[in-house]
Amino acid sequence: MENRLVCHRCRQKFSASTTAERVICPHCLAENPNRPLRKPSTPSGGDQGSVVLSLIGYLLDKILFCNTLRQQSASATPTDRYPRTCALDKIGDLADKRAVLCGVSYKKWKYKLKGTINDVFNMKDLLIEKYKYKEENMLLLTEEQPDARLIPTKANIENCLKWLVKDSKSGDSLVFYYSGHGLRQPDFENDEIDGFDETICPVDFLKEGMILDNDIYATIVKPLTAGVTLHAIVDACHSGTILDLENVYDREKKIWIDNRPPSGVRKQTSGGKAYCISACGDDQVAADTTAFSSNQMSGALTFILIEVVKGKEDITYGQLLDEMQGKIDNANQQGCAGGSGFLSRFCGPNLTQKPLLSASEKFEVYQTKFNL
């Protein structure tokens, strides 16, 4: 026995066995309740009871269809948020403003993170709205990506970082953004003052390994030629010197600290400039928060940075650091239970992280405008 159905999505007719509760439309692959859509009809002989039953059946069908739509809407992967074309396929000269935005949620593992994918889209919006980047010149790496080349595996992240700096020329502005787990491991090459290499963790890091700061430096810092500017924003634990830049700014003492490797190896660009804003120091962990106004989980650094930058025109690097640290200090003073505002909703009694600025060259942080 078969039912004759009409798909709620594409409205095409098809047949299905009566034994299944739900069936898949062969035309658009949408899931449908296995109940034929009946149209109310006027029975012969003026039987009003039959009319009522027919109408009830018709309404029940409509309710089932609506519920199915809601369930699919709630569970569907929001692939429509991603660009329809991939910047990796672009032929010819690359744009003078390019970005690689990576958010890893590790959703299939016990150490999963909430909010990292939100971070990617929030950063994308900031770049488009404030700094005039174009979506077609960005690579967005998340586990929701419909393009397999943009799942945040180790190989894909490395490939996208190479794309970011490929054929870069004077006047180009490049952004690398990362939200995910960060770890550290012993340094055996004597190029870390604290004795540890900092790392970021791709979604497949348990199998393929982490990406070390040495590798990130070699891929996107060293190749920078004169006139090219790179900004990295890294919202992860142990991310302070994740680009291995030679100068680290001490906000409290208002001085630059020499971060050159003890081995004597230089970690310089090829004439360009590189800046990195990290969520915390190499020995610190980063927090996340729920922005109660939108009930959206985000990384603390990402949320604060976007809020500060949107709220102040022509902000300098020094002012940005001060504003971000001020919001964290204010949250610690208020406490999670008694404070108001988004930072008071942190899942923890105290925030120890201190956003950190590092750079390939020293500069006047309170005179130089922050511009991506």
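Student: Which residues have the most contacts inside the largest nonpolar core, and how many residues has that core?
Tutor: The core has 40 residues, and Leu139, Phe176, Tyr178, Leu230 and Leu243 have the most contacts inside it. A nonpolar core here is a set of buried Ala, Val, Leu, Ile, Met, Phe, Trp, Tyr and Cys residues joined through side-chain atoms within 4.5 Å. Buried means under 20% relative accessible area, exposed over 50% and partly exposed in between, with a 1.4 Å probe and protein chains only. The model is predicted: local features need pLDDT of at least 70, side-chain atom pairs count only at pLDDT 80 or more, and totals for chains, interfaces and linings use all residues. Residues are numbered from 1 along each chain as its sequence is written, and side-chain values use heavy atoms, without hydrogens and water.

Student: What does leucine 243 contact, leaving aside neighbours within four places in sequence?
Tutor: Leucine 243 is in contact with Ile216, Tyr217, Val221, Leu230, Ala232, Tyr275 and Cys276. Contact means heavy atoms within 4.5 Å.

Student: And what does the second, separate core include?
Tutor: That core has 39 residues, including Val120, Leu126, Tyr275 and Val308.

Student: Turning to α6, which of its residues are buried?
Tutor: Ala300, Leu301, Thr302, Phe303, Ile304, Leu305, Ile306, Val308 and Val309 are buried. Because 9 of its 12 residues are buried, α6 is largely enclosed by the rest of the structure.

Student: How many disulfides are there?
Tutor: The count is 0, a disulfide being a pair of cysteine sulfur atoms within 2.5 Å. For cysteine 86, the nearest cysteine sulfur is that of cysteine 160, 7.1 Å away. Cysteine 86 is buried at 12% relative accessible area, and cysteine 160 is buried at 0%.

Student: Now aspartate 213: where is it, and is it buried or exposed?
Tutor: Aspartate 213 is found in helix α5 (residues 213-221). Aspartate 213 is buried yet has no salt bridge, meaning a side-chain nitrogen of Lys or Arg within 4 Å of a carboxyl oxygen of Asp or Glu.

Student: Which side chain of opposite charge is nearest?
Tutor: Lysine 267 is the nearest, 6.1 Å away. Lys and Arg count as positive and Asp and Glu as negative, while His and the chain ends are not counted.

Definitions and conventions:
Helix = DSSP H or I, 4+ residues; strand = E, 2+ residues; numbered from the N terminus.
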